[in-house]
Amino acid sequence: MKILNKLTVKNLKLNKSRTIVTIIGIMLSCALIMVVAGMAASAQQTMVNLQINVTGNYDLFVKGANKKIIDNAQANRNVKDIYIKQNLGCAYLPQAKFDTKPYINVVAFNEKSFTDCFNVTLKEGRLPQNGNELVLSQSVIENSKADYKLGDTVALDLGKRVYDSGDEIPLDDTDYFNDTNGTEKLVDTHKKTYTVVGVFNKVSSSYFAADSISASSSAFTLAEENADINDLFISFTSDGEKDYITTSGEILNLTGDDFESLKNDFEVYLENGDFDEASINKDLLRYKGFALSDEYMRMLLSLAVIIIVIIAISSIFVIRNSFAISITEKTKLYGMLASIGATSKQIRHNVLFEGFMLGIIGIPAGILLGVGVIALLVVILNALLENMLNGISFVYAVPWWVAVISAVMSAVIILFSTLSSAFRASRIAPITAIRSNNDIKINKKKSYKSPKFIKKLFGVGGEIAYKNLKRSKKKYRTTVISIIVTVAMFISISTFIEYGMKITGDHFKNMPYNITVHANDKLSYDEYENIYKRIIADSDINSSIKTCENYYGNIVGLTDYYTEEAKAAELQGGDLAYVFGVDNKSFKEYVTALGYNYDDVKDKALITNDFKYYNSDNILIKGKEFDLPTNTVVKLYPNGNPSYTEDDIKEIQKTDPDFVYNPDDYKSVDLVIYDTINKEVPGSIVSSIMSTENEGSVLVSEDYFKKLFSEDNVNTTRAIVIDSADSANTVEYIHNLGIENLDVFNINEQKEQMNAIVLIIAIFAYGFIIVISLIGITNVFNTINTNMRLRSKEFAMLKSIGMTKKEFNRMIRLESIFYGLKSLLIGVPLGLLGGYAIFKATGNTIMLDYSFPTMAVLISIVFVFFVVWLIMKISISKVNKQNIIETIRNDNI
């Protein structure tokens with residue numbers, strides 16, 4: 001056996017080309033498994049870190065916990081840490097800049113909370129070390145005229161926020177402050193003096209008052225022992241996280257319906273119980289792999305199976321093909337070994353030993369390559385995702401089990417790849433093997449005739465090539481399948497990337513603006529106009545529009561004008577009013593671009609008319625919604641059309657005693673619809689907002705909007721849309737105006753983030769394609785190169801009987817064409833089917849039209865013919881260098 005093993009090692013050294021190609025195939029497949037599993041593990045840990053940054057590092061949140069709950073948590077062996085939060089109260093912010101943000105909210109935590117649970121990052125100073133020290137949020141600095149410095153003392157009258165009715169406002173309330181009617185005040189105040197020891201940046205956790213929008217700015221201090229505890233944040237051990245429902249139920253003493261509520265809804269509310277409410281941090285547990293639904297698990301399992309099958313099939317083809325070639329090359333050798341006493345078992349063991357030797361080299365090299373690729377991808381991702389993950393970086397987290405899985409899977413792939421070759425080698429009859437007459441079998445019952453056009457186009461060489469491919473079906477089939485897998489993968493994943501790009505494009509399609517400004521307060525029309533003029537004074541602004549929008553009115557009579565296709569589609573919501581008013585200047589420019597006379601339209605409305613949706617049978621339905629005559633008059637109810645009965649009113653007054661139903665508040669006005677909008681206006685901000693696909697949206701001028709909706713209509717929102725040459729500067733300019741209650745959004749940042757996400761997906765997807773393609777190319781190269789060498793004697797004989805170089809080249813070209821054509825005829829349809837499946841899965845969510853992946857198909861065609869031609873050219877160049885007589889004499893190629 002040792003002699004056979006030595007012989008195997010010697011053969012591997014002699015056939016360096018095939019050995020290297022096979023090792024590369026094993027290395028690539030192992031590296032691919034390593035990268036897929038390693039990046040999945042790294043992405044999981046990154047999402048865990050991101051979720052901890054957003055919500056905190058805990059598994060169970062308990063609000064209003066009493067001592068019994070605290071004792072249960074401390075006694076439970078599945079509890080890792082307990083983080084304590086005490087709401088100490090609100091005080092008026094000293095020298096507050098804005099009337100709408102008058103409070104400072106002081107919260108106390110135990111020491112571990114700052115470092116282990118919440119991401120409290122200090123801008124300057126240090127964390128509090130006792131209950132008399134305070135760390136201010138950046139929001140306090142920005143919203144107070146007081147110039148606070150480290151070491152300053154702050155005297156606060158801490159108390160509770162209550163409405164005039166006596167109802168307490170939660171200290172973590174995040175609503176805007178609205179005290180125009182004296183509706184709230186501070187009560188039960190007590191004086192407390194703190195020393196400022198630090199300033200922190202914004203805390204992402206949703207359990208802190210959101211400084212950017214709430215009436216309060218946050219400040220933290222250290223919780224004092226024996227003080228009343230308001231809230232608990234509890235983290236579990238790994239065993240506790242595995243059985244998080246049971247662990248939570250034990251801590252909360254839940255039974256019956258309350259336990260079922262926690263189990264099904266991940267949250268539970270109690271009245272007069274041991275706590276007020278409790279909720280499980282399901283997002284964090286889900287990212288850790290615990291709180292996964294059955295559907296989610298099926299999706300992940302399906303995805304994992306698909307990826308593993310693709311990798312396994314691609315790898316098995318490469319490695320199995322390599323061993324099949326090896327057996328063909330060494331057929332005579334195995335025959336001679338069998339003739340001198342080598343048993344079938346020994347020959348079988350010899351082939352398996354060859355696989356073992358190649359795996360010993362290829363698997364460690366693949367693991368090292370995978371580690372390097374993962375590290376490189378992490379660097380690239382962090383460069384692309386800079387400032388997109390709330391201060392969190394994409395982490396390199398490759399646990400030891402990833403390398404083990406990669407090694408085991410690669411070993412299994414090698415085993416399955418070598419088994420068939422091992423059994424084939426062990427069954428070869430010695431005489432047949434020595435004669436070498438079993439490599440190509442001639443079917444005596446079937447003659448291999450080539451079509452007449454082949455001989456006319458390519459001559460005798462072409463005819464020989466065609467018949468040779470017919471005779472050597474196994475080698476031909478192996479090469480073709482390798483190319484098919486590569487082509488199908490490329491087209492399918494290219495389609496996936498194309499739809500990703502289309503999603504981005506549709507989201508920002510024809511978006512000739514980059515800033516939106518939303519006025520959150522209910523401004524009068526004159527106040528809104530004044531704010532608009534102040535904002536558009538910025539020199540960087542190229543164009544802008546001022547809008548008023550109302551989504552809650554009702555239109556009666558529109559459904560009377562439904563088209564037959566709209567009726568067939570059973571559209572819903574035809575009586576809902578989505579009314580957009582734009583400033584008169586922008587409205588005039590838009591209707592003029594549509595081809596209308598402004599004077600004919602200025603006191604009338606236009607309505608969008610296209611509809612698109614998937615029906616219950618998952619079929620995309622598109623069409624025109626209305627068939628409206630010019631100047632159609634319908635009824636608009638600006639405040640809705642509720643038609644309350646006496647019973648309805650009584651039911652509402654149970655929860656809202658101040659509710660009074662006055663029918664006069666719900667009167668209708670005439671809405672004149674001039675025409676339907678059936679086309680886009682490129683470059684128009686109005687057109688980008690009033691997309692023709694946004695069916696049933698009504699567009700009017702600002703003057704007409706004011707006639708339709710009263711100034712105090714509570715459902716009217718106001719937004720300014722801006723196209724700026726420098727969006728960042730304009731956003732800063734608007735902030736510096738000091739206008740209260742404006743939400744400013746830089747669309748460019750969203751677009752860059754979306755593009756970065758699509759780019760990341762493209763890197764992973766195309767990287768996957770490249771590796772699969774490389775595996776396929778190594779297989780094709782191995783097959784064609786060895787096939788050319790094994791046919792050296794055949795080529796030499798053809799040349800010896802007078803085949804010219806030109807005729808010989810024709811023969812090789814035809815073989816290349818056959819390889820390419822058959823691969824494309826099968827690979828392209830398979831790729832299109834895969835792409836269509838992706839379209840069906842994606843289109844259900846975003847209503848995409850199917851687009852034929854023309855570019856991917858063209859690239860595949862060029863790639864296949866170029867690669868096959870190049871490999872054939874490289875392989876045949878070696879054959880051409882051989883001496884004809886020596887090649888014919890040589891029995892051991």
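In this predicted model, the axes of helices α2 and α13 come within 9 Å and cross at roughly 145 degrees. The crossing is right-handed. Helix α13 also meets helix α12, with axes that come within 9 Å. Elsewhere, strand β3 pairs with β2 and with β9. The points below take the helices first, then the strands, then a buried serine in a loop.

**Helix α2 against α13**

- α2 spans residues 16-55, and α13 spans residues 400-426.
- On the α2 side, the contact is made by Ile26, Cys30, Ile33, Met34, Ala37, Gly38 and Ala41.
- On the α13 side, the contact is made by Trp401, Val402, Ala403, Ser406, Met409, Ser410, Ile413 and Ile414.

**Helix α12 against α13**

- α12 covers residues 344-384.
- The axes of α12 and α13 cross at roughly 155 degrees. The cut-off for roughly antiparallel is an angle over 145, so α12 is roughly antiparallel to α13.
- The crossing of α12 and α13 is right-handed.

**Ile367, a residue of α12**

- Ile367 lies in helix α12. Is Ile367 buried or exposed? Its relative accessibility is 18%. Buried means under 20%, so Ile367 counts as buried.
- Which residues does Ile367 touch, not counting those up to four places away in sequence? They are Cys30, Met34, Ala403 and Ala407.
- Cys30 and Met34 belong to the α2 side of the α2 and α13 contact, and Ala403 belongs to its α13 side.
- Ile367 and Ser29 are 338 residues apart in sequence. In space, their C-alpha atoms are 9.8 Å apart.

**Thr55, a residue of α2**

- Thr55 is found in helix α2.
- Thr55 has 9% relative accessibility, so it counts as buried.
- The side chain of Thr55 makes a polar contact of 3.1 Å with the side chain of Asn281.

- β3 runs over residues 103-109 and is mostly covered. How many of its seven residues are buried? The count is seven.
- In a regular strand, side chains alternate between the two faces of the sheet.
- In β3, Tyr103, Asn105, Val107 and Phe109 point one way. Ile104, Val106 and Ala108 point the other way. Both sets are buried.
- β2, residues 79-92, is joined to β3 by seven bridges, and the two strands run antiparallel. Here Asn87 stands opposite Val107 in β3.
- β9, residues 216-222, pairs with β3 in the parallel sense over seven bridges. Here Ile104 stands opposite Ser217 in β9.

**Ser144, in a loop**

- Where is Ser144 found? It sits in the loop between α5 (138-143) and β6 (153-163).
- Why does Ser144 count as buried? Its relative accessibility is 3%, and the cut-off for buried is under 20%.
- A polar atom of the Ser144 side chain lies 2.6 Å from the backbone oxygen of Pro94.
- A polar atom of the Ser144 side chain also lies 3.1 Å from the backbone nitrogen of Ala146.
- Leaving aside neighbours within four places in sequence, Ser144 is in contact with Leu93, Pro94, Gln95, Ala96 and Lys97.

Conventions:
Residues are numbered from 1 along each chain as its sequence is written. This is a predicted model: local features need pLDDT of at least 70, side-chain atom pairs count only at pLDDT 80 or more; totals for chains, interfaces and linings use all residues. Side-chain values use heavy atoms; hydrogens and water are left out. Buried means under 20% relative accessible area, exposed over 50%, partly exposed in between (1.4 Å probe, protein chains only). Helices (H or I, at least four residues) and strands (E, at least two) are DSSP runs, numbered from the N terminus. Two strands pair if DSSP finds at least two bridges between them. A polar contact is a pair of N or O atoms within 3.5 Å; within protein, one must be able to donate a hydrogen and the other to accept it, and residues adjacent in sequence count only if both atoms are side-chain atoms. Contact means heavy atoms within 4.5 Å. Axes are lines fitted to C-alpha atoms, for helices over the stretch in contact, and angles run from 0 to 180 degrees between N-to-C directions. Angles under 35 degrees count as roughly parallel, over 145 as roughly antiparallel, 65 to 115 as roughly perpendicular and the rest as oblique. A crossing is left-handed if the near helix is turned anticlockwise from the far one by less than a right angle, and right-handed if clockwise.
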